[in-house]
Amino acid sequence: MSRDITRNSSNPPDPDESTATLSPTPAGAAPVPGASGGATAIPDAAGASTAVRPVTPAADETNVYVASQWQLMWWKFRKHKLAMAGGVVALALYAIALFAEFLAPTDPGLVSARYTYAPPQRIHFIDRTDSGISLRPYVYDYRVAIDPQALRRTFVIDETKKIPVRFFAQGTPYKLFGLIPGDRHLIGPVESGRPMYLLGSDRVGQDVLSRLIYGTRISMSIGLIGVFISLILGITLGGISGYYGGRIDNAIQRGIEFLISIPRIPLFLGLAAALPQNWSPLRVYFFTILILSIIGWTGLARVVRGRFLSLREEDFVMAARLDGSSEIRVILRHMVPSFASHIIASLTLAIPGTILAETALSFLGLGLRSPINSWGVLLQEAQNIRAVATAPWLLLPGLAVVAAVLSMNFLGDGLRDAADPYR
Amino acid sequence: MLQYILRRMLMMIPTIIAISIVTFIIIQLPPGDFLTTLVAGLASQGETVNQDAIVALQERYGLGQPIYVQYWKWISGIFLRGDLGQSFEYNRPVSQLIWDRLGFSAALAISTLLFSWLIAFPIGFYSATHQYTPGDYFFTFLGFIGLAIPEFMLALVLLYVSFKYFGQSVGGLFSPEYVDAAWSFARVGDLLAHLWIPVAIIAVGGTAGLIRITRANLLDELNKPYVVTARAKGLSESRLLTKYPVRVALIPFVSTVGWELPQIISGEAIIAIVLNLPTTGPLLLRALQSEDMYLAGSLIFFVSVLTVIGTLISDIALAYLDPRIRYS
């Protein structure tokens, strides 16, 4: 029944139709929030008029039949609470990456020999003084103590001295997006230069929080750019493989099987070790991404190939071909839109793998290197047990990795479910 | 069956050739040739360099000749003479350095595989038969966490916890007194006492994936008509489950070895570096850092070949278990 209705609303494939009508699957077949059991037949005119109104899922079940594919996906995605939460976290991480200069309390490269391995401070928002309670945030200062066992200078929180902090504090100047000059930071000491290490400091007295925030930019962008390169390789090779089939398909499939069958980390290590030590950090960054995506494209290529193979037989592809569309047009205009949603879901699921691989490489010292900050570079500080025992807060970047990977996985899972019209 | 095994083994040949080419490229990647580096290194230490030795090395590796000649000299050396080249850092033939470590790597990989089966099967089974119960959600969540935590993070946290709260180090595969001891029952016992930590850590990622596959597969089976029929006949629930659905759901345990093994070997490489295990990982890292390329290349080559052989064995086992595969 729902099939009949979609037939009504989708005209014979026309090259310039929207993606929704080109979809091989009847849009109405997808379960949608608010739509209960038996669908009622709607006259075409009514369906057309509801399409222009802003659509709410529960308001009118007839909307289901005229909603675009993306709208259906969004409705379904919204029901998936974990995926929504993952999406929010992922967006937040990218926002942090975008506004790193403003969010970081200080310059991540700022070395302070006076405060090495300083423990994290806690922000206190309510200041209780003799004269009463006031809402002035502050952190406690440090004092030097000698570790009786190791006979080493350590820093401990000194609860007698307060360092007032404030929001939008003046600090090191920066250029947001490389364009807009500024010197306000989200939070910082009122008097510039007083020690404030909310997540502690590292071996050379750099602020771990600031490095973590800048590291978010590198790690998250590696995920994104790496997956983008994988996408190009995957779509091209997977597309060729699935569209032409036969011997070319066979050759590409054997290649993919080969790449999957060898352990990645030793291969990554071998390739990454070949990057010359004297290259500029930016160049190392791009080549690291390139190495990660050379091996990472295989999964995507398989998805694309599978889709191409099944779509090739669809009626609307045949119709487009009979209309005289060129091969390129058939692929780009008719086939790609109908599996774009699947691709986006697979892409999202591929990002965490890239982030993890970069973290592992940099952790071992063969990927990115200081002065570039990525989560893996930060974790490199925690490589030996001595450092971890002295400063366990150096493991905190690991939590960022877990948060990023987990949120991306949930988001990708939700997108995949939402993109599948049969679930 | 024999025909299938033969065909499958023939298919391995191009894969191994491809691996050898990739490995050779990696060996060649660092700029300059190793001989120049070697001579410069020796000269800087004030040692005189014997001209005859240089000529002999040039001849042995085909230096200065076309790249395919060099490749042929290298690969034929491996297969015809067991010559893997010279490790310049250790100044010994590579073949003397790697076999022990490859053995430990293989032992670790196999233990990890068995361990992940041991964990994944009961949990996957429970999750499928108790779908949407708190227990199912708990394990699903745990599985996601397992997938998200980088293995080396787990190892680091474990190191930290055991150091901080138990005052001992968990690194290595042997207690100090057994490191250089001859093989004995006591030494094997000591090995097992140390082995479970890296095994558990490496298994985390793969196990999570395996649990999800087992659960999905068993759920698929449980909804099939034959299960309904069996239930309608009055078969007890436990007998019903073990008779057919579980058998079918066990297939992925064998069929996923092909992608699980590379993952385990990869994880092992990193974990071994963090926990300082005597496997291929730390040696590979050292070799790459000091551009000891014949050692690094041999390690990558043999680790990959081991993986391919593991996959071959799992494919044969799968064909034995599932007739649909050997006749298609």
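## Arg8 of chain B

A polar contact of 2.7 Å joins the side chains of Arg8(B) and Asp315(B); such a contact is a pair of N or O atoms within 3.5 Å, where within protein one must be able to donate a hydrogen and the other to accept it, and residues adjacent in sequence count only if both atoms are side-chain atoms. The model is predicted, so local features need pLDDT of at least 70 and side-chain atom pairs pLDDT 80 or more, while totals for chains, interfaces and linings use all residues. Residues are numbered from 1 along each chain as written, chains are lettered from A in the order in which they are written, and side-chain values use heavy atoms, without hydrogens and water.

Arg8(B) lies in helix H1 (residues 2-28) of chain B. Leaving out residues up to four places away in sequence, Arg8(B) touches Thr311(B), Leu312(B) and Asp315(B), a contact being heavy atoms within 4.5 Å. Arg8(B) and Ile313(B) are 305 residues apart in sequence, with 9.9 Å from C-alpha to C-alpha. Arg8(B) counts as buried because its relative accessible area is 13%; buried means under 20%, exposed over 50%, and partly exposed in between (1.4 Å probe, protein chains only).

## Chain A

Chain A has 17 helices and five strands, taken as DSSP runs (H or I, at least four residues; E, at least two) numbered from the N terminus. Of its 423 residues, 48% are buried. Among contacts between residues at least 6 apart in sequence, 66% join residues at least 24 apart.

Phe125(A) sits in the loop between helix H7 (100-103) and strand S1 (127-129). Phe125(A) is partly exposed because its relative accessibility is 44%. Together with Ile126(A), Ile133(A), Leu135(A), Phe167(A) and Phe168(A), Phe125(A) makes a nonpolar surface patch of about 650 Å². Patch residues have over 30% relative accessible area and no salt bridge; nonpolar side chains (Val, Leu, Ile, Met, Phe, Trp, Tyr) are joined within 5 Å, and like charges within 9 Å.

## Interface of chains A and B

In this interface, 37 residues of chain A are in contact with 37 residues of chain B. The buried area is about 3300 Å², with 84% from carbon and sulfur atoms; buried area is the accessible area (1.4 Å probe) that two parts lose on being put together, summed over both.

The rule finds one salt bridge across the interface, defined as a side-chain nitrogen of Lys or Arg within 4 Å of a carboxyl oxygen of Asp or Glu. Asp413(A) forms a salt bridge with Arg212(B), with the closest N and O atoms 3.3 Å apart. H17(A) gives the largest share of the side of chain A that touches chain B, nine residues.

Notes: Areas by Shrake-Rupley, 256 points an atom, 1.4 Å probe, with all protein chains shown as cover.
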